[in-house]
Amino acid sequence: MGLRTFKGGVHPFEGKDLSKDKPVEEYLPKGDLVFPVSQHIGAPANPVVAVGDTVKKGQLIAEAGGFVSANIYSSVSGTVKAIALHRVATGDMVNSIVIENDGSYEEVEYDAVEDITALSKEEIIERVKKAGVVGMGGAGFPTHVKLSPKEPDKIDYIIANCAECEPYLTSDYRRMMDQPELLVGGLKIVLQLFDNAKGVLGVENNKPDCIAKLQELCRDEPRIEVVPLQTKYPQGGERQLIKAVSGREINSKMLPADAGCIVDNVETLVCIYRAVKEGKPVISRIFTVTGDAVNHPRNFYVSVGTNYAELLEAAGGLKESGAEKMISGGPMMGFSMFDLNVPITKTNSSLLCLSSDDVSHLEPSACINCGRCVEACPELLVPSRLAKQANLKLGEEFEKWNGMECIECGSCSFICPARRPLAQSIKTMKKDILAARRKK
Amino acid sequence: MDNILHVSSSPHVRAKDSTNRIMAYVLLALLPTTLFGIFNFGPKALLLIVLTIASCVATEWVFEKIIHKKSTISDLSAVVTGLLLALNLPVTLPWWEAVLGGVFAIAIVKMMFGGLGQNFMNPALGARCFLLIAFAADMTNFQTDTYTGATPLAAMRNGEIINTMDALIGRTAGTIGETSTIAILIGAIILILLGVITLAIPASYLITFVIFMLIFGGHGFDMNYIVAQLCSGGIMLGAFFMATDYVTSPITPNGRILFGICCGILTGLFRCFGANAEGVSFAIILSNLLVPMIEKITIPRAFGQVKEKKEGK
């Protein structure tokens, strides 16, 4: 029997060797720190500080703007310098709190608890909510919402997303190698919320050292199992991971909870642990600076709000040959950036600098109908057809061919021998259709 | 360092296989068949191959010059068309008819419909059928110095029993590229190993054909006859190299199987009941015409998609 996985997918160059064995270094930010009030899905947070206020490290600076929203805390001590629009890694302008770092890193007291098992379910969720934990893998969905499904008894899988299927990224890998006990601790806390669930750590089999380490750690945990998964992109896609682990399938109209699953990635579970056990808010994370254009690719323990450009300098800056493309995130789903003067938010996990931009040197040619995109699509769609319908703005046809099910993983564009930007066309069409639906 | 950064939509990396690399793989896979054809039929075969390829490439170049489009001959698809067409011609064909076939394949079947990816019919087969109709006698003249008898298919039709071993190796009369089943199968394995084709179309095609022949072939469960049918005529070349043409076959996984079944039924029908012993070319181009319909009824079920609720809750 083969390893568990899903149907479709691709095998991009992994590129993880650049940074995977580099120890995580703590980086203390020097310049101003910027905290966008939207670092999550849902309502923006409302600032609770004013320009001129002094703040401490770990102090609440913006309060959740609703149930689906998250608190934001300062990661340094200093003075609030401005509350204004600032560019973020996706290229958008977002209202942000700018804090001038006083360099003393004076920290507030946190209310740690001795015995987690003594906490009630409500207390746990409250502590997660207070700490502003969101999906740290990139989606940024507020975790306390995820942990409050309608029917908690029906949840039978808590899946730790340890796949890290995006090429080049190594932050989750480092976390699993260096502090697996935090990850497992987080998973145990979530299991405490769901009596009928079993915990699964899904790890791609290109990380055998992680698998061994986690298995060792979970030997005496009857409710937790380590499941090696086939190394294949997008194995860490939520729907694909659920399929691989539980055999269940969900579509775009369903939540993982509808299939009895809750999925959290490595860094999120670590944050849950810190929030519940130590009372610490989300103000730091592991961040990878990598790519062939970087002098010293490495992993940092960074404060949320740190400037990308500053961190790139900390990694030795760019090689003399320079970079043609800078990406926030991985090469498959990350955002290419035109400006490094942006802050690291809770959901950013890496800066990837490539000396040569593969894509712009290739010219798209005619689709030859080869069907490689169909074989690659983890959602079992026909991307070449959807892209054509998208380019012709045939919304009805597009929906009939299930275009709205696209998870935007980019496997189709990656594999296309005619170098067509299939995912781009499909994503645009999806946005148009969603916008039209909202108008109605 | 210049500060200009490239910005584009994700993904930011691409796989290695490009269109012209795939076409080169197909050419490589056709190499055993081509070499055997030249060995079997002599230098005239080589001449026809060179001429049709040259005619196809030149036609594409000239056509694009005239309509002021960027030349696409470097994608090698015209070379593949030219070679496939040559492999589908009898070695006795006058050279100018072969050249005309190449012009027809590219100008009429391919470019008129928008070029690579837009043609609804396999250009090589379209041209072959054109030549079959225009120059029926020349196109069915398989008499050479070496092979003075009928083609295996024609012989079988007349009730003769053919030597299956000869058909397997290819020491028979026929078109330049169709005679050697072994050479074609070596090519097919190359195509499959290089990931150019999957077995969906060839397998469903050949299985359907075998079932059809078992029922309607008039020889009952005569395995010798079935194997002889499979090794003769254009069916092997057609199943692995022509029916699998990306552009003119369905893109949906189930559609491919259905397409193979159509090809199999039509081939059987033409071989059993047609006026001609051969039927592969017509079977495939007719199935090509059904592709839009086949795709429409085989839109795949998306991941996690549940069937529309029909009963109650």
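Which residue stands opposite A:Ala62 in E6(A)? The first point below takes this up, after two words on conventions.

This is a predicted model, in which local features need pLDDT of at least 70 and side-chain atom pairs count only at pLDDT 80 or more, while totals for chains, interfaces and linings use all residues. Residues are numbered from 1 along each chain as its sequence is written, chains are lettered from A and ligands numbered from 1 in the order in which they are written, and side-chain values use heavy atoms, with hydrogens and water left out.

1. A:Ala62 stands opposite A:Ile72 in E6(A). Strand E5 (residues 60–63) of chain A and E6(A) run antiparallel and are joined by two bridges. Helices (H or I, at least four residues) and strands (E, at least two) are DSSP runs, numbered from the N terminus, and two strands pair if DSSP finds at least two bridges between them. The open sheet has the order E3-E5-E6 in chain A, with antiparallel pairing. Its edge strands, each pairing on one side only, are E3 (46–47) and E6 (72–73) of chain A.

2. **A six-stranded sheet.** Chain A also has an open sheet of six strands, in the order E1-E14-E13-E17-E15-E16, and here the pairing is mixed. E1 (24–26) and E16 of chain A are the edge strands, each pairing on one side only. On average, neighbouring strands of this sheet are turned by 30 degrees against each other, direction ignored. Axes here are lines fitted to C-alpha atoms, for helices over the stretch in contact, and angles run from 0 to 180 degrees between N-to-C directions.

3. **Strand E15 and its partners.** E15(A) runs antiparallel to strand E17 (residues 350–354) of chain A, with four bridges joining them. With strand E16 (residues 335–337) of chain A, E15(A) pairs in the antiparallel sense over three bridges. A:Met326 has A:Cys353 as its bridge partner in E17(A) and A:Met337 as its partner in E16(A). A:Ser328 is bridged to A:Phe335 in E16(A). The hairpin of E15(A) and E16(A) has six residues between the strands, and A:Gly329 takes a positive phi near 105 degrees there.

4. **Two faces of E15.** In a regular strand the side chains alternate between the two faces of the sheet. A:Lys325 and A:Ile327 point one way from E15(A), A:Met326 and A:Ser328 the other way, and all are buried. Buried means under 20% relative accessible area, exposed over 50%, and partly exposed in between (1.4 Å probe, protein chains only).

5. **A helix across the sheet.** Helix H3 (residues 171–178) of chain A lies across E1, E13 (284–290) and E14 (298–303) of chain A, at about 125 degrees to E13(A). H3(A) is mostly covered, with seven of its eight residues buried; among them are A:Tyr173, A:Arg174 and A:Met177.

6. **A buried serine.** A:Ser303 belongs to strand E14 of chain A. Why is A:Ser303 counted as buried? Because its relative accessibility is 9%. Apart from neighbours within four places in sequence, A:Ser303 is in contact (heavy atoms within 4.5 Å) with residues including A:Tyr27, A:Leu33 and A:Ile283.

7. **Over in chain B.** B:Phe120 sits in the loop between helix H4 (95–110) and helix H5 (123–134) of chain B. B:Phe120 counts as partly exposed because its relative accessibility is 36%.
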